[in-house]
Amino acid sequence: MIDAWEPRPVPTVTPETEPFWSAAADGRFLVRECPDCGLVYHYPSALCPDCFADAEWREATGAATVYSFAIHRHLEFWPDDDLPAVFAYVELEEGPRVITNVVGCPAEDVEVGMAVDARFVPTATDDVAVPVFVPADD
Amino acid sequence: MVDSEPVFIAGAYEHPTREAPDKSTMQLHAEVARGALADAGLAKDDVDGYFTAGMPWYERGLTPLIMADYLGLDVSHAGTTDWGGSSYVGHVGHAADAIREGRCDVALITLAGRPRSGKNAGGDEFHTYQDAFEVTYGATTLSKYAVAAQRHMHEYGTTREQLAEIRVAASHHAQYNEHALFRDPVTVEDVVESRPVADPLHLLDCCVVTDGGGALLVVSEDVRAELERDCVEVLGYGEAIGHREGGRIDLTHTAARESGPRAFEDAGIGPDDVDYASIYDSFTITVLQTLEDLGFCEKGEGGSFVEGGTLQAPDGDLPFNTDGGGLCSNHPGNRGGMTKVIEAVRQLRGEANDEVQVDADVAIAHGTGGSLGTRHGSITAVLGREDR
Ligand SMILES: [Zn+2]
């Protein structure tokens, strides 16, 4: 069991972010890359936040390290069975720091700097999945 | 505007679309911004002021933060006065005022909406990234400050005991405030052993939740001259927005490192001249990072700085939040900036509670709105006694 909360609620998908969520349903984590200034970034806004060029999609490896995290002991909108929940920033191998959950291990085992890999939790909709991260295999 | 410095409109751009089912409203904001910059022959980095309006009600309170984050703006001035459809005419006037005051040189004004292709015709279907990319993962105000604390502890060795010192000082002050929600002094141990709410933050690292409010009157020199009452002079002001920077967020810093210098430069003084500090204290970590970023100590040394009663009035080196602050006294409407200014005014008028009154000529009131973990606004005001 990776994540007790499955399927996850379907996040709000917009025309701008739809490719991100459908790639996740496909098991791929997409980031944006700017063809002009080279910035690799997240969230996936259509225009580069540094130079306003039209950005391209790029598949990330899914490898990351934990940049910071917090442990929710209680959270009204979270299922009790999946608490405590780890709210985290992970830094992708490609650079961007991404808000996510670290799952698949006890909350007490999560540390800043630990290596993690992307996993994708299904939602009620086939073409949308929610990326999360689990401890990397050694 | 007679005899005032002339200000000009240099770029204008109307989006060619009339129906945009394949774009987000945020994206349209970015596209019109790009169009106006191209029209003017200016670069994105030239923009240092931003105005917009028309956010749906559930985002309105955070408009400048959300938009600066999305558009990747680094601005020294922002305005979001909303008068409905006439807003953007008003923004031209407000931008001109801000430019004349030296708050910014290039002010961007954007409007976007999709009522034609939005799901509810006539409605303002408008999705920012917060729901999908943050709330999905359990983002709350608590967790978005807790990640800042966690990272600061990791990088600089800041301890929970050091964070607790901030609550201890606030509670020491609150005991003299008959209106404070929590008046009992607490110890470092009390804070550290209070229950975890979003580790590493515990219950007593958090501000109170209170009903209430506050108000201020700002007047001209002509009006002041007619008044009997002691007034406090606004010596300086600075603002800045901190955001994710497309994924390069640094959770150990706040935008106070920009708003502070702007305000101090405005006032012609520095942190060493400050006798009393009202510092926004949504959480203990908010205070600790702000003290560093305003220059009261080096980055990373906030933990040792607050040890030993530095923040406790009347004898500490930098008395702060002498009303008990948001941590112990009041955080009306979940917006603590108002009470920060009010207590600074009390100190400068000599009207703080006797036990915590400081001999203060110069005070600051610093606000932090939003969340350190995603996007926040830092605002610093420098205030002075009128007869200083
Ligand atoms: Zn770019």
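Strands here are DSSP runs of E with at least two residues, helices are runs of H or I with at least four, and both are numbered from the N terminus; two strands pair if DSSP finds at least two bridges between them. I looked up A:His72 and found its bridge partner in E4(B) to be B:Ala198.

A note on the source: this is a predicted model, where local features need pLDDT of at least 70 and side-chain atom pairs pLDDT 80 or more, while totals for chains, interfaces and linings use all residues. Residues are numbered from 1 along each chain, chains are lettered from A and ligands numbered from 1 as written, and side-chain values use heavy atoms, without hydrogens and water.

Next, the interface. I see 53 residues from chain B and 47 residues from chain A in the contact (heavy atoms within 4.5 Å). The two chains bury about 4100 Å² between them, 61% of it on carbon and sulfur atoms; that is accessible area (1.4 Å probe) lost on being put together, summed over both. B:Arg34, B:Phe133 and B:Tyr137 supply 19% of the area that chain B buries against chain A, more than any other three residues.

Then I checked charges. The rule finds three salt bridges across the interface (a Lys or Arg side-chain nitrogen within 4 Å of an Asp or Glu carboxyl oxygen). B:Arg34 turns up again here, in a salt bridge with A:Asp54 whose closest N and O atoms are 3.2 Å apart. On the side of chain B that touches chain A, H5(B) gives the most, with eight residues.
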